[in-house]
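Reader: I have some questions about this model and would like to go through it region by region. Could we begin?

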Amino acid sequence: MKNKVFHVISNTHWDREWRFPFQKNRQMLVDMIDEVLDILYKEPKYRAFHLDSQSIVLKDYLEVKPHKEKLIKRLVKQNRLLIGPWYILPEEYQVGGENLIRNLLLGHKTCKKYGGVSKIGYSPFSWGQISQLPQLYNEFGIELIMFYRGVNSLDSKKAEFIWEGADGTKAISSRFSTMPRYNFYFYIYRPVVHNEGFYDIDYKWQRGGTPFHFADSELYDEDYSIINPVDEFFSENITPQVKQIITDQVKDFTTDHVIWMEGHDSSGPNIKTVKIIEEIKKQFPGLNLEHSTLEKYAESLYSQLKNKKLKTVRGERRSAQYDLRSGNLYGFTTSARMYLKQKNFEAEKWLQFYAEPFNAFSGLLGRDIKNNSLDIAWDYVIQNSAHDSIGGCSLDEIHDDMMNRYKQSIEISQSVFERAAKQIINSIDTSPVESDNRNEDIFITVVNPNNAVRSEVVEAVIDIPESLDKGGFSITTDDYKEVVFEVKSKSKVQPVVEQMIDRPLFFNMIRYNVNLFVKDIPGVGYKTFKVTPINNRRVDIANSPRNLPLIENEFLKVKLNANGTFDVYDLINNKSFRNLGYIYDEGEAGHAWVNESVKPFVTTLKSKPKITTESLSKLKKEVLVQHKLKLPINLSERHKKRPKTKEVKIDLLVSLKHNSKRVDLFLKVDNTIESHRMRIMFPTLPAAKYSWGEGQFDVVKREIKHIDSKGWIEQPMYDYPMDHFVDVSDNNHGIAALVKGLKEYEVIDDNQKTLAVTLFRAFEYIIQPSSTQDYTHQKGAQCLGQQSFELSLYPHKGDWIKGNVYEEALNFNNDPRIIEHGSSAGYLPLSGSFLRSSNKNILVSCFKESETKKRNQFVLRLYNPTNIKQKSSVKFLFNIKSLSETTLEEKVKEDVCLISKNQFEIEINSKKIKTYLIEFTNMKRMEKK
């Protein structure tokens, strides 16, 4: 032991909201940080305290106690109070990759405001670690990664290892050791300060300390607290406990440096830590022990690991707990309160693909965009990305708060997009197709947020002024070609019209709800069409024949079976998929973090649902399948021979559009029962060996076959996370499930390699911070009532790359936006792209204002999710003044040459993310064509 150095790291694990709602929890936070500041100010021997790698806690604290800001800044600059690099502790798999980058950007910005960033990848939060985390950290100048969920002692026998991310980025990493993030706390701190062992969790009233508790009928359910904690010190426990922790950890560490973590959930500092360390040194005079920091520990590791060969682990980390030397995965939060995941997906979509890029384009077209609206919207979303928040494993009132934050963010994003769209519409020159009386002209402009050129059926609501309506109309392109459309309904409406200089007025309109087939909408751009009222033109109303179980288009044939499943025949690739879309339901006896299936297991394979054809028009064909399942009403009834049951209604709408290569599915479930998991099942390809789940800047290859895990403390999890899609292929053919906010899938290792997509998982909310806390009276985790889900099946040739799955998934998720407007005298052509990448395998992650918010300075982020190097040209509508490649932190790496005034070429290696800082020239009015 004489060469060993033991680093005691004082810290807290602070969940901003979990057992308590945010505002109640903030009062506890204020008490905790008050104590931190008091100890650091009064006791110079108390080296440092870590605020759990996040910075939002300082913002929360200083809103209550702004007068403490100077002291905090001083302590942060002295490296005694350590904050960041994150804004808040995220769950990595349940949010998008751009969300994680913004979390780090906002964390760095906040930390710098208060004195400095702790550049350590301390990640004691996510249930598993995404494959691209090494790259994300590296791009922020963070070299050491410390985590324990998702890596076990089989992956690496030693605590230290090399983690190689998806793109090849390598990082020195640590899984800590026994009882990872609180070993010192349980081995030494509690026995010495409280005379408590690992499993001592009951407080004796006779111990004193002035217990405090509300006894009235309204507040009695609040926790007890101790007003005057008993001040004790059991030095006799030091020797046996130090020997025990050393014995349990002796084989774990590669270097002479051992990390001892002193902290727990919602714990605060204790000035007695100084005394504990001094007493250990007295009882073990040869032990090199210091009150340290993660930075000091990292420097020590680097100095000794340069010439040592460490085990390399690769890719995403989702290993279950093998023994006590590693932590558990607890990964089933991917399906807890699925409605949160769906709303997060929606909020990210509006920010990332609509509000942010088109706000930037409108700024380049002359609009004043100097405001913080989008920063506020991102802040709301990032707050919700806290692991216990987006994980769906908190109290109902916490998740109610989250839904309100999502609501605020989406409202901001939609309003920003609306204002950006007004600038864009006003910049279009409609004169080439205007009539003699331009004030009577009507136009619709279709805006495409995706990089790919799109030709597809869209739904639109077109209003014709009553004074101009002639009973029908035509829609034409700029070269006077007619657009195919069909009217679904027609009605009289009086929509309100707003203008700042007058009171609200209204239009008298004839409203037509239509399906129309729009062709060749430019990528990240727009196309304008003219709407012309026409006399005596017959308007076809889309018909709705009944009881026709076969629908087809140019690419697919879909046959409905009597039990509600359907067969899909891929006409282009000559491949059939049968018995798709049945429902599987099982009881759930687990909790937010763990799935525990219980009988009865029910499917719709023997059901006799009602099947009707809702629409059979040229542009859209739809069949409705209506199931009624009788299921046990709750968990206790499932254990009875004759359980009480209720009927659960499930509506599945199967939709096939003209010119579409996918089958869109819309589900509505009226969930009337508790404690069950419902999945939709798709038999795929018997020869498939892998699934590919799209996630954060990567498409992860996962083996379908199970491993031998007998004897593990925690069994491996084969339900995997996804973001936009999961694909199953056998190299010759494939089928992908494209999803909107659904986060969990499993490919069952059966004869058909059945793909199971989780719709929701309902469970009793019971937690055990010490004693059992029964919140089963809170029904939010049961997901009762109407639930809606959207997904799509996309059969294709080859793997996900050859099959163009990513493009199809983005098209499914990011609908074209349709704007009706009058004539405009701008300078943009009637059709154009603001931004285009010539290679569809290089994807746009964001186009936004730079963090500096300098005028005409923007950031473009691209990534290559494939396994081969990709080249592309990138072209803007606007002229470029200067171009540099930067890190994710937006620090300039090198200048990039242009190949023309508005175009440059790039090369991106496999799985790499590239960020560019672009300054554009002042926008000059374009000459009208």
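Reader: What does Thr 866 touch, leaving aside residues up to four places away in sequence?
Author: Thr 866 touches Trp 800, Ile 801, Asn 841, Ser 910 and Lys 911, where contact means heavy atoms within 4.5 Å. Please note that this is a predicted model, in which local features need pLDDT of at least 70 and side-chain atom pairs count only at pLDDT 80 or more, while totals for chains, interfaces and linings use all residues. Residues are numbered from 1 along each chain as its sequence is written, and side-chain values use heavy atoms, with hydrogens and water left out.

Reader: Where is Thr 866 found, and is Thr 866 buried or exposed?
Author: The loop between β46 (857-863) and β47 (870-876) holds Thr 866; strands are DSSP runs of E with at least two residues, helices are runs of H or I with at least four, and both are numbered from the N terminus. Thr 866 has 1% relative accessibility and therefore counts as buried (under 20% relative accessible area; exposed is over 50% and partly exposed in between, with a 1.4 Å probe and protein chains only).

Reader: With which side chain does Thr 866 make a polar contact?
Author: With that of Gln 870, at 3.1 Å. A polar contact is a pair of N or O atoms within 3.5 Å; within protein, one must be able to donate a hydrogen and the other to accept it, and residues adjacent in sequence count only if both atoms are side-chain atoms.

Reader: Next, Lys 530: buried or exposed?
Author: Lys 530, in strand β20 (residues 525-533), is buried, with a relative accessible area of 13%. Its side chain reaches the backbone oxygen of Val 433 at 2.8 Å. Beyond residues up to four places away in sequence, Lys 530 touches several others, including Glu 434, Asp 441, Phe 443 and Thr 476.

Reader: On to the helices. At what angle do α6 and α7 cross?
Author: The axes of α6 (residues 183-194) and α7 (residues 238-249) cross at roughly 170° and come within 9 Å. Axes are lines fitted to C-alpha atoms, for helices over the stretch in contact, and angles run from 0 to 180 degrees between N-to-C directions. The two helices are therefore roughly antiparallel to each other (over 145 degrees; under 35 is roughly parallel, 65 to 115 roughly perpendicular and the rest oblique).

Reader: Which residues make that contact?
Author: Among them are Phe 184, Tyr 187 and Pro 191 of α6 and Ile 238, Gln 241 and Asp 248 of α7.

Reader: How does α6 pack with α8?
Author: The angle between α6 and α8 (residues 272-283) is about 95°, with the axes 11 Å apart, which means that α6 is roughly perpendicular to α8. Phe 184, Ile 188, Tyr 189, Val 192 and Val 193 of α6 meet Lys 272, Ile 276 and Ile 280 of α8.

Reader: Which peptide bond to Pro 600 is cis?
Author: The one from Lys 599, with omega about 0°; Pro 600 lies in strand β26 (residues 597-603). The bond from Gly 84 to Pro 85 is also cis, with omega near 20°.

Reader: Finally, what is the mean pLDDT of the chain?
Author: The mean is 96, and 98% of the residues reach 70 or more; pLDDT is the predictor's confidence in each residue, from 0 to 100. Over residues 925-929, however, the pLDDT is below 50. Where pLDDT is low, the predicted coordinates should not be read in detail.
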